[in-house]
Amino acid sequence: MKIRTKMIHGGISEDATSGAVSVPIYQVSTYKQEGVGQPKAYEYSRSGNPTRHALESLIADLEGGVRGFAFGSGLAGIHAVLSIFKAGDHIIMGNDVYGGTFRLMDKVMQNFGLEYDLVDLTDFSALNKAIKPTTTALYFETPSNPLMKILDIRQLTEVAQENNLITIVDNTFATPYFQRPLSLGADIVLHSGTKYLGGHSDVVSGLVTTNDTNLAERIGFMQNSIGGVLGPQDSWLVQRGIKTLALRMEAHATNAQKIAEFLEKSPQVSKVYYPGLSTDSGYEIASKQMSGFGGMLSFELQDESKVKYFVESLKYFTLAESLGGVESLIEVPAVMTHASIPKHLREAVGIKDGLIRLSVGIEDIHDLLEDLQTAFEIIRN
Ligand SMILES: Cc1ncc(COP(=O)(O)O)c(C=O)c1O
Ligand SMILES: N[C@@H](CCSC[C@H](N)C(=O)O)C(=O)O
């Protein structure tokens, strides 16, 4: 089955008992048992729920995993995954990750004894130097949030395998439509389902999958033990969102490419970060491992002092945190999505105070370009 068909017919896509072509919302907490300790398919909705199970089987199918897991947020999913490790284990994390992921590692997991180092994973000698006898996993995003840094999944997983490390890839920006890390050697893939998978800025969720049955067992144990599961209504919303993922991702990427090319030509812009530009440092690897470049881009203005004025001058780009919905959003990572990373660390990886991030929606491109053009004119005057 091709990926576009899988989005509609993959996993569990209809109700076995009624024939309903959309899996119903099983709004239930518990299930009648046939005898003492004899549940049928489900026993309690934290441990399993048919609507959530349908979504979980879909993400596994889309990413090529053996089992999927749905959580109440992307961070709840990341927390469950990091919880499979033990105190003293060391994790190497890409140095350009979502601010909340950094905060979870630095301020929460570290208190439980998990150790970590942030490493520039485009630099293989830095990676090799960072590996210690206690290193157990390699964790990264590609494209990364917010610099759209592209990491070579195949090469990184080869290093990880040579050193017995588990590779965990946050595939939120690319989605399984444009990139499937498990097929490139990764062990665990995770998503903020809040973003492109849900696709309509109306649900917070997290999805995880793996192609390793032992890891699936460990993640499943943590999902049930910690309990940060996704509710049935939200599971249904995410599954519905995924049905149109292919169409949306094509539209996001087409618009983002045009906006990136427009920004690159603007005299008021000093730098554009978008892997679909042939001048971008990630273009070559992205062309190899992705089938499209996605809908996210960042840029810097020549005059950093105009950033606030610029982002507040737009009509169709809503000033808001989050991404991946049908509507275009704009934000300033240093003070919004990545404010939880200390300034010196942010600046060391290149997240300047003036960096602007766009989540390019699927509106008419002419309106989006006109909106940006008008804002440039406003700040010039
Ligand atoms: C790349 C990435 N991963 C994970 C997360 C966490 O997801 P959530 O907000 O759904 O917890 C986010 C954003 O929040 C993100 O941008
Ligand atoms: N204020 C929130 C930050 C949400 S960021 C949401 C998303 N990952 C994005 O990058 O836009 C927090 O502190 O958690």
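Which residues do ring pairs link into a cluster? I found F262, F299, F310 and F376.

This is a predicted model, so I took local features at pLDDT of at least 70 and side-chain atom pairs at pLDDT 80 or more, while totals for chains, interfaces and linings use all residues. Residues are numbered from 1 along each chain as written, chains are lettered from A and ligands numbered from 1 in written order, and side-chain values use heavy atoms, without hydrogens and water.

**Rings.** I looked up the aromatic pairs and got seven. Rings of Phe, Tyr and Trp (its six-membered ring) pair if their centres lie within 6.5 Å; planes under 30 degrees apart are stacked, over 60 edge-to-face, the rest tilted. Y31 and Y42 have centres 5.5 Å apart and planes at 35°, so I logged the pair as tilted. Both sit in the loop between α1 (3-9) and α2 (50-63), 11 residues apart. Y31 is buried at 17% relative accessibility (buried means under 20% relative accessible area, with a 1.4 Å probe and protein chains only).

Next I checked F102 and Y116: edge-to-face, 6.3 Å between centres, 80° between planes. F102 is in helix α4 (residues 99-108) and Y116 in strand β3 (residues 115-119), so the pair ties together parts 14 residues apart in sequence. I noted both F102 and Y116 as buried.

**Ligand 1.** I then turned to polar contacts (N or O atoms within 3.5 Å). A backbone N or O atom of G74 lies 2.9 Å from a ligand 1 oxygen. For a polar side-chain atom of N145, I read 2.9 Å to an oxygen of ligand 1. The T194 side chain places an N or O atom 2.6 Å from a ligand 1 oxygen.

Technical notes
Helices (H or I, at least four residues) and strands (E, at least two) are DSSP runs, numbered from the N terminus. Buried means under 20% relative accessible area, exposed over 50%, partly exposed in between (1.4 Å probe, protein chains only). A polar contact is a pair of N or O atoms within 3.5 Å; within protein, one must be able to donate a hydrogen and the other to accept it, and residues adjacent in sequence count only if both atoms are side-chain atoms.
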